[in-house]
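Biologist: Can you walk me through this one? I'd like to start with the rings.

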Amino acid sequence: MNYRLTLQYDGSRYDGWQRQGNTEKTIQGKIEETLTRLLGETVEIDGAGRTDAGVHALGQSANFHTDRKLDPEKLKAELNTYLPEDIGVVRVEEVPERFHSRLNALGKTYRYRVATGEGKNVFERKQIYPLNQPLDVEAMRLGAALLVGEKDFRGFSSMKKTKKSTVRRLESVKIRELPGEVEFDFTGNGFLYNMVRILTGTLLEIGMGKRELESIGKVFQKNDRNLAGFTAPARGLMLVEVFYPKNS
């Protein structure tokens, strides 16, 4: 049997999603540990994306296999009882045997939140980047339009040299202006290491008047990380949703 979990978590106190040998503070590790204890068998889960340390999720997806027939609602209740309070299971569902959370994903949406007001956001301080200065939203929207499409995003990534393709399709970049806050939603078929945070930092520099729109084209031409903007802090980033084919 193959079961898919839809998860949300506050990544503030974790060293990222992926299980690691040098730390027990990972999202994957905590979920596997809890499932193993509940089912009485060793369980390994496959996640749709490896969120970094400090990054949050509203709609992460993961799946695992077991020989047992499980009651999805009962398992969801048990997981939410025994998982740490900053990790929650939104849904458990049986999926086809060959379903894989990462390999079957068509795309993802990430959201980045930036505080632009002068006040201090006490209760959401772990989920928003306190830039605390006004931004030229229209200029950032012009910059965002230059990012959309199928392009080589190597220059907007912190990844080291790789033989794998760094071409990705960014379907949309939506920028919303809220009271004391600006939200960036990035939807695409895949994202490179630190890509969303660097894209956000680049747009923020445009919004602060520290970068010209033309500089975006130069990053694509040279594929040079040094020509792009700063890497926005992890705390403002959240995986919102993972998209799959309807039949999966």
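Modeller: First the term: rings of Phe, Tyr and Trp (its six-membered ring) pair if their centres lie within 6.5 Å, with planes under 30 degrees apart called stacked, over 60 edge-to-face and the rest tilted. By that rule, ring pairs link Phe153, Phe156 and Phe220 into a cluster. This is a predicted model, where local features need pLDDT of at least 70, side-chain atom pairs count only at pLDDT 80 or more, and totals for chains, interfaces and linings use all residues. Residues are numbered from 1 along each chain as its sequence is written, and side-chain values use heavy atoms, with hydrogens and water left out.

Biologist: What lies over the face of Phe220?

Modeller: Lys151, at 5.3 Å from the ring centre. A charge counts as over a ring if NZ of Lys or CZ of Arg is within 6 Å of the ring centre and within 35 degrees of the ring normal.

Biologist: How many aromatic pairs in the whole structure?

Modeller: Nine. One of them is Tyr110 with Phe191, edge-to-face, at 5.2 Å centre to centre and 80° between the planes. Tyr110 is in strand β5 and Phe191 in the loop between β9 and α4, 81 residues apart.

Biologist: Are Tyr110 and Phe191 buried or exposed?

Modeller: Both are buried, meaning under 20% relative accessible area with a 1.4 Å probe and protein chains only; exposed is over 50%, and partly exposed is in between.

Biologist: How do the lining residues divide?

Modeller: Into 15 nonpolar, 15 polar and 12 charged. Asp, Glu, Lys and Arg count as charged, and Gly is among the polar ones.

Biologist: Now strands. Why is β1 largely enclosed?

Modeller: Seven of its eight residues are buried, so the rest of the structure largely encloses β1. Strands are DSSP E runs of at least two residues, numbered from the N terminus.

Definitions and conventions:
Helix = DSSP H or I, 4+ residues; strand = E, 2+ residues; numbered from the N terminus.
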